[in-house]
Amino acid sequence: MIVSAVVAIAENNAIGKDNQLLWRLPADLKHFKEITSGHTVIMGRKTYDSVGKPLPNRRNIIITRNKDLEIPGVEIVGSMDEALSLCQQEQEVYVIGGAQIYASSLHLTDKIYLTRVHQSFEADSFFPEIDPGIWSETEVEPHQPDEKNPIGYTFSTLIRR
């Protein structure tokens, strides 16, 4: 099984503030949907709260310390190991946040689908530093700002060396 992180990060590795995204980039949301649709997504409870509902056409697994949490249409687990044990038959699973989940699972991650947003933001959630000695960039697709996406961004794929 391939464990992949899907993340959009600012130039300063920011990913969120007050449990919200920092920018509005419809192209990135479309890219995220294309990557994850039809697959399993694993997220922390705060990320689930910010989304507000199970992501459609995906198996949703939430990691939380709250053993009593019940959400229709969602599988609840207490750890990344438990989440991954439910996915043994999957070809690829997608870790989609937040900061604590990314940090605790990066050592297990094989691939990162990265959107680099070409601006820095004030934030309270950050993606861990990406070590170029560990990660090799295999695909790069830069995009300039346009009428729907006001900030430049780059889609890239990183593979563990």
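Trainee: Which residue in β4 does Thr40 stand opposite?

Mentor: Thr40 stands opposite Arg59 in β4. Keep in mind that we're looking at a predicted model.

Trainee: OK. And what's the bridge partner of Thr40 in β6?

Mentor: That one is Val93.

Trainee: How many bridges join β3 to β4, and which way do the two run?

Mentor: There are five bridges between β3 and strand β4, residues 59-63, and the two run parallel. β3 is also joined to strand β6, residues 92-95, by three bridges, again in parallel.

Trainee: What do β3, α2 and β4 make together?

Mentor: A β-α-β unit, and a right-handed one.

Trainee: Why is β3 described as largely enclosed by the rest of the structure?

Mentor: Because five of the five residues in β3, which covers 40-44, are buried. Thr40, Ile42 and Gly44 point one way from the strand, while Val41 and Met43 point the other way, and all are buried.

Trainee: What is Ser4 in contact with, leaving aside neighbours within four places in sequence?

Mentor: Glu92, Val93, Tyr94, Val95, Thr109, Lys111 and Tyr113.

Trainee: Where does Asn13 sit?

Mentor: Asn13 is in the loop between β1, residues 2-10, and β2, residues 14-16. With 8% relative accessibility, Asn13 counts as buried. Not counting residues up to four places away in sequence, Asn13 touches Arg116, Ser125, Phe126, Phe127, Pro128 and Glu129.

Trainee: And what about Phe126, which residues does that one touch?

Mentor: Beyond residues up to four places away in sequence, Phe126 touches Asn12, Asn13, Ala14, Ile15 and Ala99. Phe126 belongs to strand β8, residues 125-126, and counts as partly exposed at 36% relative accessibility.

Trainee: How far apart in space are Phe126 and Gly38?

Mentor: They're 27 Å apart, C-alpha to C-alpha, and 88 residues apart in sequence.

Methods: Residues are numbered from 1 along each chain as its sequence is written. This is a predicted model: local features need pLDDT of at least 70, side-chain atom pairs count only at pLDDT 80 or more; totals for chains, interfaces and linings use all residues. Side-chain values use heavy atoms; hydrogens and water are left out. Helices (H or I, at least four residues) and strands (E, at least two) are DSSP runs, numbered from the N terminus. Buried means under 20% relative accessible area, exposed over 50%, partly exposed in between (1.4 Å probe, protein chains only). Contact means heavy atoms within 4.5 Å. Two strands pair if DSSP finds at least two bridges between them. A crossover is right-handed if, with the strands pointing away from the viewer, the path from the first strand over the helix to the second runs clockwise.
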